[in-house]
Amino acid sequence: MKSLKIKQMKKLLFLTTILFIGIISISNAQKVKLKKGNLLVDGKEVMTYDREDFGTQKIHLFDKNKTEQILMIKNQNETRGYYDDDFIQIKFLQMGEMVEIKLNKSWKGIIRWLIEQKIITMDGMLNEEKIPLFVKNYDENITKRTIRH
């Protein structure tokens, strides 16, 4: 009887801990919005963007004044109707660096991830010191290691 109560208490403690961790992680996430050509993070305009959806799915991120393109994110859909070969290309245009990664996230999710990784700053700039390590950690070199027809 006591062992049953101990098991129930452990289970309750485990579930409470998981719930607590989930609430903390949700509350710390930045709210990213793509609205009328502006990238808003927690309601603050950080960058501007242009999006291409027809044929190629790309998003181009610019500084606030839209004078300089900083970043391009492209969804590489290798085969229409077959999604297992899709991947994301993130091009850091000013540095000539690129990351190819299998990532199943929306545009907002990718941008939020780049902010969490401290690649995009809240000033709308790239943290150039973090990019080489980011590329080293996440680049899967998908186009270089697969056969193209």
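## Buried or exposed?

A residue is called buried when its relative accessible area is under 20%, and exposed when that area is over 50%; anything in between is partly exposed. Keep these cut-offs in mind as you explore this predicted model. In helix α2, the residues Trp107, Gly109, Ile110, Ile111, Trp113, Leu114 and Ile115 are buried.

That is seven of the 10 residues of α2, which spans residues 107-116, so the helix is largely enclosed by the rest of the structure. Just after α2, Lys118 takes a positive phi of about 65°.

## The chain as a whole

The protein chain has 149 residues, and 30% of them are buried. Its secondary structure comes to four helices and seven strands. Starting from the N terminus, the elements follow the order α-β-β-β-β-β-β-β-α-α-α.

Among contacts between residues at least 6 apart in sequence, 36% join residues at least 24 apart.

The pLDDT of the protein chain averages 82, and 81% of the residues score at least 70. Among the elements, helix α1 (residues 2-28) has the lowest mean pLDDT, 68, while helix α3 (residues 131-138) has the highest, 94.

## A sheet of seven strands

The seven strands form an open sheet in the order β1-β2-β3-β4-β5-β6-β7, and their pairing is antiparallel. At the edges stand β1 (32-35) and β7 (97-101); each has a single partner strand, so one side of each is left without a neighbour in the sheet. On average, neighbouring strands of this sheet are turned by 25° against each other, ignoring direction.

In general, the strands of a sheet pair through backbone hydrogen bonds, either parallel or antiparallel.

Which strands does α2 lie across? They are β1, β2, β3, β4 (57-62), β5 (69-76), β6 (87-92) and β7, and α2 runs at about 130° to β1. Helix α3 also packs on the sheet, where it touches β6 and β7, and its direction makes about 30° with that of β7.

In soluble globular proteins, nonpolar side chains tend to be buried together. The largest nonpolar core here has 29 residues, and those touching the most other members are Leu61, Leu71, Ile73, Ile90, Phe92, Ile111 and Leu114. Helix α2 provides the largest share of this core, six residues.

Setting aside its neighbours within four places in sequence, Leu114 is in contact with Leu71, Ile73, Ile90, Ile119, Ile120 and Phe134.

## Two residues in loops

Asp86 sits in the loop between β5 and β6. Is Asp86 buried or exposed? Its relative accessibility is 14%, so Asp86 counts as buried. Asp86 and Leu103 are 17 residues apart in sequence, and their C-alpha atoms are 8.4 Å apart in space.

Ser106 belongs to the loop between β7 and α2. With a relative accessible area of 45%, Ser106 is partly exposed. Its C-alpha atom is separated by 9.8 Å from that of Asn75, which is 31 residues away along the chain.

Definitions and conventions:
Residues are numbered from 1 along each chain as its sequence is written. This is a predicted model: local features need pLDDT of at least 70, side-chain atom pairs count only at pLDDT 80 or more; totals for chains, interfaces and linings use all residues. Side-chain values use heavy atoms; hydrogens and water are left out. Buried means under 20% relative accessible area, exposed over 50%, partly exposed in between (1.4 Å probe, protein chains only). Contact means heavy atoms within 4.5 Å. pLDDT is the predictor's confidence in each residue, from 0 to 100. Two strands pair if DSSP finds at least two bridges between them. Axes are lines fitted to C-alpha atoms, for helices over the stretch in contact, and angles run from 0 to 180 degrees between N-to-C directions. A nonpolar core is a set of buried Ala, Val, Leu, Ile, Met, Phe, Trp, Tyr and Cys residues joined through side-chain atoms within 4.5 Å.
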